[in-house]
Amino acid sequence: MGLLGAAAGRVARRFGSKSALTFGAAVTTVAFAYAALAHRHPYDMLITATLLGIGIGLAFAALGNLIVQAVPPTQTGVASGMNTVMRTLGGALGGQLSATFIANNTAHGLPTVTGFTGTYVMATVFLGVCVFASLLIPRPPAEPDAARFEPQLETVAEAG
């Protein structure tokens, strides 16, 4: 996650933050779907953890960029703060829902695989909604071409 988070700026510059968010959410969705289906061997968790690191690293960094781009400069602090609050709330709610799935599926006081599988399926469904929602984000307007504005600037300078 740290490696992809650090490289997310370059990914966003090349492909756009929306694409990075969508790809990151899709990879995270695949990670939880994989965990729900394949969890018999320790290497299955290594594959899942690798996919989660890639997906979350890209998505979280891209989401911050999209939020800052979507609001006026005077509101970036509030928007970034709300992003943090919503991520924290989502993590807390997701953790409690996961704990409920696991606690409701025990045998002899120990959690069963069924509880974990249900948790992974729940995460897969929620992340599928996130992928869909990321596709609805409008693309930011293209940067204005400075060359197009040069004649206008000269005209203003001559008039002044």
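**Close-up A. Leu46, an exposed residue of helix H3 in a predicted model**. Let's start with Leu46, which counts as exposed because its relative accessibility is 60%. The residue belongs to helix H3, spanning residues 42-70. For orientation, look back eleven residues along the chain to Ala35: the C-alpha atoms of Leu46 and Ala35 are 10.0 Å apart. Ala35 will turn up again in Close-up C, among the H2 residues that touch H5. Please keep in mind that this is a predicted model throughout.

**Close-up B. Helix H3 packing with helix H4**. Staying with H3, we now turn to its partner H4, made of residues 76-103. The two helices pack at an angle of about 145°, and their axes lie 9 Å apart. Their crossing is right-handed. On the H3 side, the contact involves Phe60, Leu63, Gly64, Ile67 and Val68. These meet Thr76, Ala79, Ser80, Asn83 and Arg87 of H4. Sorted by class, the contact of H3 with H4 has five nonpolar, four polar and one charged residues.

**Close-up C. Helix H2 against helix H5**. Here H2 (residues 17-37) packs with H5 (residues 113-135) at an angle of about 160°, with 8 Å between the axes. The pair therefore counts as roughly antiparallel, a term used for angles over 145 degrees. The crossing of H2 and H5 is left-handed. H2 contributes Lys18, Leu21, Thr22, Ala25, Ala26, Thr28, Thr29, Phe32, Ala33, Ala35 and Ala36 to the contact. From H5 come Thr117, Tyr120, Val121, Ala123, Thr124, Leu127, Gly128, Val131, Ser134 and Leu135. By class, the residues of this contact comprise 13 nonpolar, seven polar and one charged.

**Close-up D. The aromatic pair of Phe32 and Tyr120**.

**Close-up E. His108 in the loop between strands E1 and E2**. Our last stop is the loop that lies between strand E1 (106-107) and strand E2 (110-111), where His108 sits. Although His108 is not a glycine, its phi is positive, at about 55°.

Methods:
Residues are numbered from 1 along each chain as its sequence is written. This is a predicted model: local features need pLDDT of at least 70, side-chain atom pairs count only at pLDDT 80 or more; totals for chains, interfaces and linings use all residues. Side-chain values use heavy atoms; hydrogens and water are left out. Axes are lines fitted to C-alpha atoms, for helices over the stretch in contact, and angles run from 0 to 180 degrees between N-to-C directions. Helices (H or I, at least four residues) and strands (E, at least two) are DSSP runs, numbered from the N terminus. Angles under 35 degrees count as roughly parallel, over 145 as roughly antiparallel, 65 to 115 as roughly perpendicular and the rest as oblique. A crossing is left-handed if the near helix is turned anticlockwise from the far one by less than a right angle, and right-handed if clockwise. Contact means heavy atoms within 4.5 Å. Ala, Val, Leu, Ile, Met, Phe, Trp, Tyr, Cys and Pro count as nonpolar, Asp, Glu, Lys and Arg as charged, and the others, Gly among them, as polar. Rings of Phe, Tyr and Trp (its six-membered ring) pair if their centres lie within 6.5 Å; planes under 30 degrees apart count as stacked, over 60 as edge-to-face and the rest as tilted. Buried means under 20% relative accessible area, exposed over 50%, partly exposed in between (1.4 Å probe, protein chains only).
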